[in-house]
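Hi,

Here is the structure I promised to pass on. Have a look at it first, and my notes follow below.

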Amino acid sequence: MSSKRVKIYVEELLAEDKRIAVSAGTMLGNTTYYCENSFIPKEPWTEISNGEYKRLLLTRDQIKDRDTVGVFKIPNDILNKAKQIGIDKLSNQNQIAPLFLKEKELLVDFNESINDFLHSIAIRKWRKLHGLFVSSPISEQTVAKVSTDSKLMGLHIDNTLSFEVTSLGRSPNRICFNFGEEDRYLLFVDLTINSILNLLEAKGIRITSKNGQRISEAQITELFFRNFPDYPVIKVKVKKGELYIAPTDNIIHDGAHYGKQKPDICLVVLGYFRPFI
Ligand SMILES: [Fe+2]
């Protein structure tokens, strides 16, 4: 039974850049901030060594499938148009609608550039704008919430189209543009969902549905972290002006703000994108 490892391609990887680190496993999140049974990376973070770089990182011509996390510079044209509108200066979600109303014409132009770009990396037509999200920096380890006023959900698996868990590998992936003025982070476990199901099965843990209900992504996440508490979470820096493309329906993941002072601003689109541009 083989485990499929999810690898990373980073367009700009400078020797002095500390872009990738691994956690010392995972732990339960504090329920003051987190939903019950939520898991977060366990500190300390360790910068990865040269050998690990080789295991984790792909070169451009090694990218073969969609189960790759890609980190790229946002095309200049898009970045400049976002700045012209003032997207990078947003400080909360409520400012988006008035700003877009005020800058209607620039917005049309911006949308066109985004659409052209997404079209150029799409391998299927279907795509959906998930949203432009502006939030204050969060000092916890992860950022995603079930809804704006709920607690944090911790490391999780998305489910864009309510697929059965065994077909999450065929789900859309997502692209997330970092339009904020600071770096942000993507956290993920480098195993596809099917690999996780295989690892659990090898331990004699078979996840079955009860009363005909579908197996939930949360069940898989919880079982994995309870049974593999030392498995590291990978932290990748997504610098300001960069984007990531990731199969977030097929990996356990979350975003993170570590050290952020300014608002986090990201545009997220779901689709079937190749993880290189
Ligand atoms: Fe997510």
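What order do the six strands of the open sheet have? The order is 1-6-11-8-13-7, and the pairing is mixed; two strands count as paired if DSSP finds at least two bridges between them. Before I go on, a word on the source: this is a predicted model, where local features need pLDDT of at least 70, side-chain atom pairs count only at pLDDT 80 or more, and totals for chains, interfaces and linings use all residues. Residues are numbered from 1 along each chain as its sequence is written. Helices (H or I, at least four residues) and strands (E, at least two) are DSSP runs, numbered from the N terminus.

**The open sheet**

Strand 1 (7-10) and strand 7 (122-135) are the edges, each pairing on one side only. On average, neighbouring strands are turned by 15° against each other, direction ignored. Angles run from 0 to 180 degrees between N-to-C directions, with axes fitted as lines to C-alpha atoms, for helices over the stretch in contact. Strand 8 (residues 173-178) and strand 11 (residues 242-246) run antiparallel and are joined by four bridges, with F177 standing opposite L243 of strand 11. Helix 4 (residues 104-121) packs on this sheet, touching strand 7 and strand 13 (264-273), where contact is C-beta atoms, placed from the backbone, within 7 Å. The direction of helix 4 makes about 135° with that of strand 7.

**Another strand pair**

Strand 9 (residues 184-188) pairs with strand 12 in the antiparallel sense over four bridges, and Y185 has A256 of strand 12 as its bridge partner. Strand 12 (residues 253-256) is covered on both faces: H253 and G255 on one side, D254 and A256 on the other, are all buried. Buried here is 20 or more other C-beta atoms within 10 Å of a residue's own, exposed is 12 or fewer, and partly exposed lies in between.

**Two helices packing**

Helix 5 (residues 193-202) and helix 6 (residues 217-227) pack at about 50°, their axes 10 Å apart. The two are therefore oblique to each other (under 35 degrees is roughly parallel, over 145 roughly antiparallel, 65 to 115 roughly perpendicular, the rest oblique). I193, I196, L197 and L200 of helix 5 make the contact with I220, L223, F224 and N227 of helix 6.

**One last residue**

D116 sits in helix 4 and counts as exposed because it has 12 C-beta neighbours inside 10 Å. D116 and N227 are 111 residues apart in sequence and 44 Å apart in space, C-alpha to C-alpha.

Cheers

Notes
Contact = placed C-beta atoms within 7 Å.
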